[in-house]
Amino acid sequence: DPTLKLVQDNPCLTEFITCVLALPEPSPSILSFTLRLAGILAASENRFQHLQQEKLLARLFGRDGPLTSAVWEDASVRSGWVEGVHSMMHPQPALHFLCNGGGIDVIFTLQGDPSLFVASAASQLLVHMLTLSVESETTKPVSTKDCDWPACAQMIIKRIEDSLQSSSASHIEQSLKLLTSLFGSCRATWTEVLWLGIAKQIESFLTEETVQAEHMLANLLLNMAWSPVFCDSEGSFWTLVTSALEHLTPVQVGPLAVGILRLYKCPQDVRIQALTVLLQPMDCILRAASQPLEYAGLLDVSVSDPATVESLLSSKSSCISLLCQTLAHLEELLSLIRLPVDLPYTSLLRSLMTILQFCNGFLSPASPLGRTISRILINCFRVQRSALDVLAALSERKGCDTLIGSLFDVLLAYLESPNTNPTVLKKTFQATSKWLVRLQELSCSNSQWQQMEKILEDVFLLLQKRLCSPCWEVRDSSLEFLTVLIKCLRDQDEFRQSLLSSEVLRLTENLLEDPESYVRASAVTAMGHLAFITYFAPESPVTGNQYNKENTVAKLQEILSMDPEGFPRRAVISVFTKWLRQGCTGQLEDTEQFVSRVIQTVEHDLDWEVRLGGLELVEIFCSQTICQLGLSKCPYVPALSAVTSSSHRNESLQVFCRTKLFSFLFRSLCDCDKPVGQRACDILLVLRGNFYPVSTLKDSQVTGDSPAGHGIAWLQRTLRQGSLAQNFPTDDGDGVDFQDPESMMLALGTIDLEELHDELNKSSDHVEKSPQSLLQDILATVGTIEENEADCY
């Protein structure tokens with residue numbers, strides 16, 4: 001037996017366990033390791049029998065083990081015991097060994113362990129044992145009669161039933177956790193039989209005020225609802241869910257309600273009830289805002305007593321937690337592509353606006369409850385952030401169009417108020433951008449141009465103020481907001497006119513010199529997108545030296561070469577790449593100069609992400625050049641003759657040499673950051689595929705006859721050794737002339753790029769995880785254990 005052979009061929013394993021057991025006071029960590037090791041060894045039935053014959057298992061996991069010793073007080077020992085038992089629970093004899101040896105009692109006790117790790121592991125172990133016992137020891141479907149359950153399963157189920165009927169709140173909670181885990185992981189039909197035996201007791205917890213486990217009941221029912229065993233059933237289970245929705249408070253039952261609303265297999269009346277529970281706090285907010293009620297609420301009837309929700313909203317702690325939870329659930333529902341239930345979008349939006357007005361003090365409600373809620377929510381950042389997230393999600397749903405004017409009044413008030421927290425302001429910007437896109441769609445269909453123009457004018461006036469804020473987070477969020485607007489609305493005349501008539505363009509350019517690097521990076525990105533309106537549009541509306549394209553490009557190139565922080569430099573290379581991809585850098589000759597300047601700057605950048613961005617720029621430039629010169633195999637390019645193809649190949653090769661592209665690529669192959677080398681190798685392989693047909697590649701191997709051949713052979717050896725770029729030769733002596741087309745053709749045809757590609761893509765695991773490497777690491781830490789303790793571990 002190969003499994004038993006492991007122990008027989010390595011007697012040191014059992015000798016080690018014996019030696020540890022012989023110690024009068026073993027170290028907790030050593031004993032914990034031994035328990036885990038023994039559990040792994042006993043996972044095979046034959047090895048289990050062998051260890052049992054050696055009388056080792058009883059001394060480790062039985063009554064004679066560490067259970068009664070002082071070392072059991074150490075959590076690592078208890079954890080090792082549980083994990084060892086879990087590993088051992090594969091053969092049936094191990095199951096009976098533990099049940100007959102009192103192990104079940106120990107595991108149930110460990111469910112209440114002060115260590116959360118041990119308690120959780122014990123609960124998972126009981127689920128595993130129950131499942132293993134039922135599924136490996138039953139030959140026919142079980143029923144509610146005890147005799148039909150296997151012996152081990154009977155013991156566990158009896159303990160669960162006793163715990164649920166006990167007066168101990170901790171025992172009840174532990175059993176509910178166990179059942180929640182069981183119904184969440186096991187979808188077998190026998191779980192329904194188990195449920196029928198305890199359903200009455202679970203149901204009683206909903207009405208007994210002495211039991212404080214309501215949130216656990218909600219989690220249990222939700223896990224059951226997701227199980228096909230229960231969600232397809234009729235009657236008792238869904239009746240219990242309905243009872244939970246009625247008796248539990250909105251805070252306790254909220255997760256259950258939103259979970260049910262995500263289900264497709266659910267009775268319609270239960271779904272409506274879950275939605276009512278979820279919307280009840282929003283309905284209460286709307287009703288409290290005005291007295292008498294101006295608008296229809298969200299609900300016609302309530303599932304539970306409205307006084308309960310009103311009471312929760314009247315207390316500061318419960319009000320904020322209830323609203324944040326409700327808003328988070330609503331955002332979760334709105335994120336679904338297809339909602340299984342219809343939400344009252346207009347009333348929901350009105351309720352959200354009411355909450356936001358409560359929070360900034362812009363609403364003075366007449367009702368006593370409304371006044372209480374407004375005092376609680378004033379400047380409450382948590383509720384503001386959550387409400388704005390839901391507001392943004394609502395922009396993608398139809399049915400809120402009639403309230404857009406009032407909605408922008410609320411959003412603009414937040415953008416204008418000096419009391420708006422920077423994080424809340426960022427959320428306001430995000431919601432405003434989404435609703436502006438929605439308004440633009442409505443303007444196209446309903447001719448609401450005047451409303452759009454007025455709102456854009458107000459938005460840009462407020463944005464100008466925010467771009468001058470002393471708080472760098474506000475300036476940064478403002479620039480991000482501007483960038484999003486340009487991406488979404490740059491093709492709209494109203495937007496372009498409003499933007500260009502404001503001071504936003506000048507202020508954004510000024511922020512290229514902001515003292516905060518994050519702001520400079522955001523300003524670079526914004527200027528890059530502004531260029532599509534100011535410089536690259538067919539009829540650019542901006543004229544004058546101050547805003548000409550060359551001036552902006554020069555500023556960005558200065559940032560790329562001079563900025564001390566990486567974020568702005570990354571932003572610049574990203575903008576240049578986007579410009580090139582969009583074909584905005586002029587004719588081919590202008591693009592050559594542009595690319596050449598950029599890669600010569602990027603080549604020496606200390607930030608590997610900037611160098612990687614430079615390679616992306618090179619990749620796009622190569623692709624565009626090859627396509628323009630007719631080398632690409634594009635269906636829109638007519639077939640070329642051999643002479644024409646050769647001419648175009650030489651022309652593109654000269655372009656690449658003039659831009660010093662090959663120098664950058666070959667140096668990048670030896671970059672100390674692997675992603676840079678990998679990208680460079682990929683580009684060179686694509687270039688070789690264009691310049692060398694497969695049939696002629698083998699004929700181009702260099703023997704070293706020509707002076708250029710000596711340099712290329714040296715280059716290939718250097719690349720194989722992975723030398724650093726600064727060790728590359730120049731174009732004197734035996735060096736390589738990276739601007740010579742003939743030398744570069746020779747290099748592409750000679751150097752084994754496939755070998756380099758494989759080497760660069762090889763995982764470092766073959767070195768780092770080898771025994772030799774591990775030994776070297778251990779030896780390297782000798783004598784300096786304090787400095788390298790974490791690395792050694």
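Which residues does Trp435 touch, not counting residues up to four places away in sequence?

A: This is a predicted model, in which local features need pLDDT of at least 70 and side-chain atom pairs count only at pLDDT 80 or more, while totals for chains, interfaces and linings use all residues. Residues are numbered from 1 along each chain as its sequence is written, and side-chain values use heavy atoms, without hydrogens and water.

Leaving out residues up to four places away in sequence, Trp435 touches Leu349, Leu391, Ala392, Leu394, Ser395, Cys400, Ile404, Leu407 and Phe408 (contact means heavy atoms within 4.5 Å). Leu394 lies 41 residues from Trp435 along the chain, and their C-alpha atoms are separated by 8.9 Å. Trp435 itself belongs to helix α24, residues 422-446 (a helix is a DSSP run of H or I, at least four residues, numbered from the N terminus). Because its relative accessible area is 0%, Trp435 is buried (under 20%; exposed is over 50%, partly exposed in between, with a 1.4 Å probe and protein chains only).

For contrast, Tyr518 sits in helix α29, residues 517-534, and Tyr518 counts as partly exposed because its relative accessibility is 38%.

Elsewhere, the axes of helix α31 (residues 566-581) and helix α33 (residues 608-628) come within 9 Å and cross at roughly 10° (axes are lines fitted to C-alpha atoms over the stretch in contact, with angles from 0 to 180 degrees between N-to-C directions). The helices α31 and α33 are therefore roughly parallel to each other (an angle under 35 degrees). Their contact includes Gly566, Ile573 and Phe576 of α31, and Gly613, Leu617 and Phe621 of α33.

Key:
Helix = DSSP H or I, 4+ residues; strand = E, 2+ residues; numbered from the N terminus. Parallel < 35°, antiparallel > 145°, perpendicular 65-115°, else oblique.
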